[in-house]
Amino acid sequence: MADSASLTSSPVPFERAAIAGVGLIGGSVALGLRERLLARRVVGYDASMDVLREAEALGVVDEVQATPGEWLRGCDLVVLAAPMGALGPLARELAPFLSPDALVTDVGSVKTGIAAELDALGVRGFVPGHPMAGSERGGVTHARAALLENAVWVLTPTEHTSLTALSRARQLVEGLGAAPVVMPPEAHDSLVATVSHLPYLVSLALTHLVARDERLSLLAAGGFRDLTRVASGDPRMSRDMVVENREALREALARFRRGLERLEADLERPGDLLAAAAEGKRTRDSLPVVRRSLLPPRHDLVVAMPDRPNQIGAVTQALGAAGVNIKDIEVLAIREEGGALRLGLESAADVARAADLLRAAGYEVRGRG
C-alpha cells in the first residue's frame with residue numbers, strides 16, 4: 001500500500017477512482033474528485049444503466065462500468081456509495097476484484113455493520129466513513145461537489161484499520177473540502193441515532209398525526225413543516241437507515257420517552273417548565289445555522305501545473321497584475337510530470353475571473369466559489 005509521503009509526490013492523490021453507486025452523495029464525491037484534481041480518472045459503477053448514462057452525460061464521471069470485474073484492480077480508490085440496505089451486498093460483490101493497495105471507504109450513515117462486513121471480507125484498506133451532508137433531492141442530477149465542502153465527515157477506523165489507510169482517508173476528506181472527525185464505529189452510531197435517526201422517527205410520528213386528522217393540516221404551517229422536514233426523505237432509504245441502527249436507536253428512543261415524560265410532569269410545575277424552556281432555547285441558539293459552518297467558506301481555484309520552470313511565479317504574477325488578491329496558496333502535489341496548486345481567493349467572482357485568465361494562458365483549472 002502506498003504511504004502518505006508517496007501521495008504528496010504525485011500530481012494527483014489517486015490515479016483511478018471508482019464510485020460504486022452514482023447517486024446524490026456518490027455523484028458529489030465524483031465531482032469533488034474531478035473539480036479538485038484529486039483523481040486522474042473517475043469511474044462510475046452502478047446497477048442502473050440509466051443512472052450511468054446520466055452520470056456520464058452530465059460529466060460527473062469519466063467512464064462507466066455496469067458489472068464488477070478486473071477493471072477494479074486498477075483502482076487505487078473505491079468509494080461505496082450505495083444506500084444502507086445495499087452496502088453489504090455491494091461490498092461482497094466488489095471485494096474479490098479489489099486491489100490490496102486500494103483505499104476503500106463508504107458513505108453510509110451507520111458504521112458498525114459495514115465495518116464488520118469489510119473486516120470479514122478481509123478488505124484491510126477499508127476506512128468506514130460518513131459525510132454529514134445530504135439533501136431531500138436525491139439522484140445524480142442533484143449531485144454537486146459543494147455539497148461536501150465544509151461538511152463534517154466522520155471516519156470510524158476499526159482495530160484492523162492501518163494508520164496508512166486512515167491517513168489516506170483523512171487526505172481524501174480534506175481534499176474534498178470537508179472536515180474529518182475520527183471516532184469508533186459504535187460511538188458514531190450512538191451519536192447519529194440521537195441527532196439524525198431519532199428526529200426522523202419523531203417527524204414520522206408527527207406527520208402521522210396530521211394524516212389522521214384533516215383539520216390539523218389546515219393549521220400545520222411553517223413551523224410544523226420545518227420540524228418535520230426530514231420526513232420528506234426517500235422512504236425506503238430512510239427505513240433501511242433506521243433499521244440498520246435499530247439497537248442504538250432503541251436506546252435513543254428510551255431517553256426521548258423519559259424526556260417527554262418529564263416535560264409532561266412539568267405541565268403541573270410552571271417554574272420547572274420555564275427552566276426547561278430556557279435550557280432548550282440556550283441549546284438551540286448555540287447551534288450553528290448548519291454544521292457546515294464548522295469551517296469558513298472557501299473560494300478555491302486548483303491549477304494543474306506543468307513541469308516547467310517558474311510556473312508558480314507565472315501564475316501568481318498574472319493574477320496579481322489583474323488585481324486578483326491571493327489570500328492563501330498551497331502546493332497540493334508535485335513530481336517530475338507536474339503538479340497542482342490550490343489558490344485561496346477572496347470571492348466567487350475572483351475565482352471566476354482568475355479561472356478565465358489562467359485558461360486563456362493555457363492552464364487547466366478547477367474552481368469553486
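Where is Asn150 found? Asn150 sits in the loop between β7 and β8. Helices here are DSSP runs of H or I with at least four residues, strands are E runs of at least two, and both are numbered from the N terminus.

A quick word on the source. This is a predicted model, where local features need pLDDT of at least 70, side-chain atom pairs count only at pLDDT 80 or more, and totals for chains, interfaces and linings use all residues. Residues are numbered from 1 along each chain as its sequence is written, and side-chain values use heavy atoms, with hydrogens and water left out.

Back to Asn150. Its phi is positive, about 70°, although Asn150 is not a glycine. Most residues other than glycine have a negative phi. Asn150 is also buried, with a relative accessible area of 12%. Buried means under 20%, exposed over 50%, and partly exposed in between, with a 1.4 Å probe and protein chains only.

Leu37 is another case. Phi of Leu37 is near 55°, again a positive value in a residue other than glycine. Leu37 lies in the loop between α2 (24-35) and β2. It counts as buried, at 10% relative accessibility.

Now the sheet. It is open, has three strands in the order β7-β8-β9, and its pairing is mixed. The edge strands are β7 (129-131) and β9, and each pairs on one side only. Two strands pair if DSSP finds at least two bridges between them. Strands of a sheet pair through backbone hydrogen bonds, either parallel or antiparallel.

Take the pairs in turn. β7 and β8 are antiparallel, over three bridges. There, Gly129 stands opposite Leu155 in β8. β8 (residues 152-155) and β9 (residues 179-182) are parallel, over four bridges. Here Val152 faces Ala179 in β9.

What do β8, helix α6 and β9 make? They make a right-handed β-α-β unit, with α6 at residues 163-175. Right-handed means this: with the strands pointing away from the viewer, the path from the first strand over the helix to the second runs clockwise.

Last, the aromatics. A search of the whole structure finds one aromatic pair. Tyr45 and Trp71 form this pair, 6.1 Å centre to centre, tilted with 40° between the planes. Rings of Phe, Tyr and Trp (its six-membered ring) pair if their centres lie within 6.5 Å; planes under 30 degrees apart are stacked, over 60 edge-to-face, and the rest tilted. Tyr45 lies in β2 (residues 39-45) and Trp71 in the loop between β3 (63-65) and β4 (77-80), so the pair ties together parts 26 residues apart in sequence. Tyr45 is buried at 5% relative accessible area, and Trp71 counts as buried at 14%.
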